[in-house]
Amino acid sequence: MSAGTRTFVRETREDKPVLAICYDFDKTLSPNDMQAQGYIQDVYGDNVDSFWAETNDLSFDNEMDSNLAYMYMMKEYAEGIRLFKQEVLADYGSKVKLFPGVETWFERIRTYGEESGVIVEHYIISSGLKEMIEGTIPARAGAFKKIYASSFYYNNKGIAIWPAQAVNYTNKTQFLFRIEKGVLDVNDPGVNDYFAPDELRVPFRNMVYIGDSDTDIPCMKLVSSYGGHSIGVYDPDTHDKAKVYRMMRNNRINYFAPADYNEGGELDGLIKNIIRRTAENESLENVKFACANEAAGRAKAD
């Protein structure tokens, strides 16, 4: 498909059901904000809370998107200390700590899907930095079908000079519609096109959204409202369930589990149950479509 002189490659329906598992990143796959695991300390100092407080002040005082504010602060404080380049951010990303089991999770779950007759795809939808996420071990191993996250534009010297994307908690939902329709390029206007139900590559009933906090609520609510699965996770070390309890009471999520991605864990079992259910549901959906088409054909004949 094209827009002007640009041509976009779109994904189409597969011969097997596709299950899209979408993840927030910070405090979902990693115990802490990615920027606070070395970068802030190196360019700003050890008082990470002060950095975020200054970021919030910048945002509120200037009616500025909070993600644009932290991106500005990262670039501003790097001056004279670090070259603000893509490879530098990726290197910081390579040092980001992950929750237990994350490094092997994506391939294990994809393999389980194959064995169950389901194509499992993993997507990141995060307000964090794409450049840092791309530097993590799973991303380098090709774990993700697509990473949707905030990112920078770089000049011809490779220096970041301007935001390219700013992903916040409300515009995260657009990426779910892109996944649904197979319109994955962030600039492809086809995301607004009408798709008949049997043309959708990943119906919402075949989506899982995994997140940890209020910023994930729009995506969680959207997915669960249309028959998909929303999962709240909490830190397995602190066992603080306050956020997931609140999201459960407010009907934002269907399930919650510790952010332990090891084989045999609670989250592992939950996702495998969803994979098996997806296979069974799609078999029934195929029968339903076949019956509907036959009835429609008969009506025309009559």
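Predicted model: local features only at pLDDT ≥ 70, side-chain atom pairs only at ≥ 80, totals over all residues.
A pocket here is an open set of points on a 1 Å grid over the protein atoms alone, where a 1.4 Å probe fits and protein lies on both sides within 12 Å along at least five of seven lines; lining residues have an atom within 4 Å of a point. A volume is the space filled by probe spheres set on the points, which are joined across faces, edges and corners. Residues are numbered from 1 along each chain, and side-chain values use heavy atoms, without hydrogens and water.

**Second largest pocket**
- Its lining has 16 residues, with K130, S151, A164, Q165 and V186 closest to the centre.
- Strand β5 gives the largest share of this lining, 7 residues (strands are DSSP E runs of at least two residues, helices H or I runs of at least four, numbered from the N terminus).
- By class, the lining has 9 nonpolar, 3 polar and 4 charged residues (Ala, Val, Leu, Ile, Met, Phe, Trp, Tyr, Cys and Pro are nonpolar, Asp, Glu, Lys and Arg charged, the others, Gly among them, polar).

**Largest pocket**
- The largest pocket has a volume of about 640 Å³.
- Among its 21 lining residues, D26, D33, N67, S127 and T215 are closest to the centre.
- Elements giving two or more residues to this lining are α2 (48–61), α3 (66–78) and β4 (119–129).
- The lining of the largest pocket comprises 3 nonpolar, 11 polar and 7 charged residues.
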